[in-house]
Amino acid sequence: MVLLLSKKWMLLILGFFVFISTDAFAHAVAQGDKGYIQEITGPNMIAFMYLGAKHMVTGYDHILFLFGVVFFLYKMKHIALYVSLFALGHSSTMLLGVYFNIGINSYIIDAIIGLSVVYKAMDNLGAFQRWFGVQPNTKLATLLFGFCHGFGLSSKIIEYDISPDGLVPNLLAFNIGVEVGQLLALGAILIVMGFWRRQTRFYRQAYLFNVAMMSCGFMLIGYQLTGYIVTL
């Protein structure tokens, strides 16, 4: 019965991420938001805060990586440290990337973001120590992959040719919105984890969940690399 339940969990998780692994699962911006970004001029901080929060809450690659980061963190000081490192990396490259017009091919950067999900799942499974006899610096990895997640968004915003009029305040507002969205997502994750960890089968299901998360990361990598090859 336990094995059947665990398999059902993994199938549900995999099915969910297969469903969202198209436009939503790679920093895509909704068509309505895209048109708004292209047409807006001057400072519009409230609107950009909303867009930033919306992106984070619906950015499934962000949430999946964040889920993996806090998966086995129990103390709030450790959660705060790792989430802050991710936010620092994400914010800095998003702001600097757009401001200095540093664009990276969206397929390549999103494939790297998929790699970040694979890395975090493998780290949670203890695969690096068992397979390679080494343990990557988890704090440094979180910061570096935060940089990658930020470049993923900045590259997408650059494609939408945001107006230079009010660029700085709008970007800052967008980033504030992203951080608000991240806090909302983190709160929901911690509530789910709090209930889940009380279950007697948590560690068995945790293994299966991270295997499923790693599979989703590989799916995203394959999806993005296929898109890159097709567009060559």
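Trainee: A charge sits over a ring if NZ of Lys or CZ of Arg is within 6 Å of the ring centre and within 35 degrees of the ring normal. Which ring does the charged end of Arg-197 sit over?

Mentor: That would be the ring of Tyr-74, whose centre is 4.1 Å from the charged end of Arg-197. Keep in mind that we're looking at a predicted model.

Trainee: And what about Arg-198, which ring is that one over?

Mentor: Arg-198 has its charged end over the ring of Phe-195, at 5.2 Å from the centre.

Trainee: While we're on rings, how many aromatic pairs are there?

Mentor: The count is 18 aromatic pairs. Take Phe-72 and Tyr-203: their ring centres are 6.5 Å apart and the planes make an angle of 5°, so this pair is stacked.

Trainee: Where do Phe-72 and Tyr-203 lie?

Mentor: Phe-72 is in the loop between H4 and H5, while Tyr-203 belongs to helix H10, so the pair ties together parts 131 residues apart in sequence.

Trainee: Is Tyr-203 buried or exposed?

Mentor: Tyr-203 is exposed, at 58% relative accessible area.

Trainee: How is the pair of Tyr-119 and Phe-145 arranged?

Mentor: That pair is tilted, because the planes are at 35° with the ring centres 5.5 Å apart. Tyr-119 comes from helix H6 and Phe-145 from helix H8, so parts 26 residues apart in sequence are tied together here. Both Tyr-119 and Phe-145 are buried.

Trainee: Which residues do ring pairs link into a cluster?

Mentor: Tyr-119 and Phe-145 are in the cluster, along with Phe-65, Phe-86, Phe-128, Trp-131 and Phe-132.

Trainee: Switching to the core: how many residues has the largest nonpolar one?

Mentor: The largest nonpolar core has 37 residues, and Val-70, Phe-71, Ile-189 and Met-193 are those with the most contacts inside it. Helices H4, H5, H6, H7, H8, H9 and H10 each supply at least two of its residues. Apart from that core there is another one of 16 residues, including Met-56, Tyr-160, Leu-167 and Ala-173.

Trainee: Leaving aside residues up to four places away in sequence, what does Ile-189 touch?

Mentor: With those left out, Ile-189 touches Ile-63, Leu-66, Phe-67 and Val-70.

Trainee: Now H8. What should its residues span, at 1.5 Å a residue?

Mentor: H8 has 22 residues and should span 32 Å, and its end C-alpha atoms are 32 Å apart, so the two agree. At the start of H8, a side-chain oxygen of Asn-137 comes within 3.1 Å of the backbone nitrogen of Lys-139. Just after H8, Asp-161 has a positive phi of about 55°.

Trainee: Which residue has a positive phi although it is not a glycine?

Mentor: Asn-101 is one, with a phi of about 55°. You'll find Asn-101 in the loop between H5 and H6, and at 54% relative accessible area it is exposed.

Trainee: Last one, where does Pro-43 lie?

Mentor: Pro-43 is in the loop between helix H2 (31-39) and helix H3 (45-58). Pro-43 is exposed, with a relative accessible area of 56%. Not counting residues up to four places away in sequence, Pro-43 touches Gly-166, Pro-169 and Asn-170.

Definitions and conventions
Residues numbered from 1 in each chain as written. Predicted model: local features only at pLDDT ≥ 70, side-chain atom pairs only at ≥ 80, totals over all residues. Heavy atoms only, no water. Core = buried A, V, L, I, M, F, W, Y, C linked by side-chain atoms within 4.5 Å. Buried < 20%, exposed > 50% of the residue type's maximum accessible area, 1.4 Å probe, protein only. Helix = DSSP H or I, 4+ residues; strand = E, 2+ residues; numbered from the N terminus. Contact = heavy atoms within 4.5 Å. Phe/Tyr/Trp six-rings, centres within 6.5 Å; stacked < 30°, edge-to-face > 60°. Expected span 1.5 Å × (residues − 1). Polar contact = N/O pair within 3.5 Å; in protein donor to acceptor, adjacent residues only side chain to side chain.
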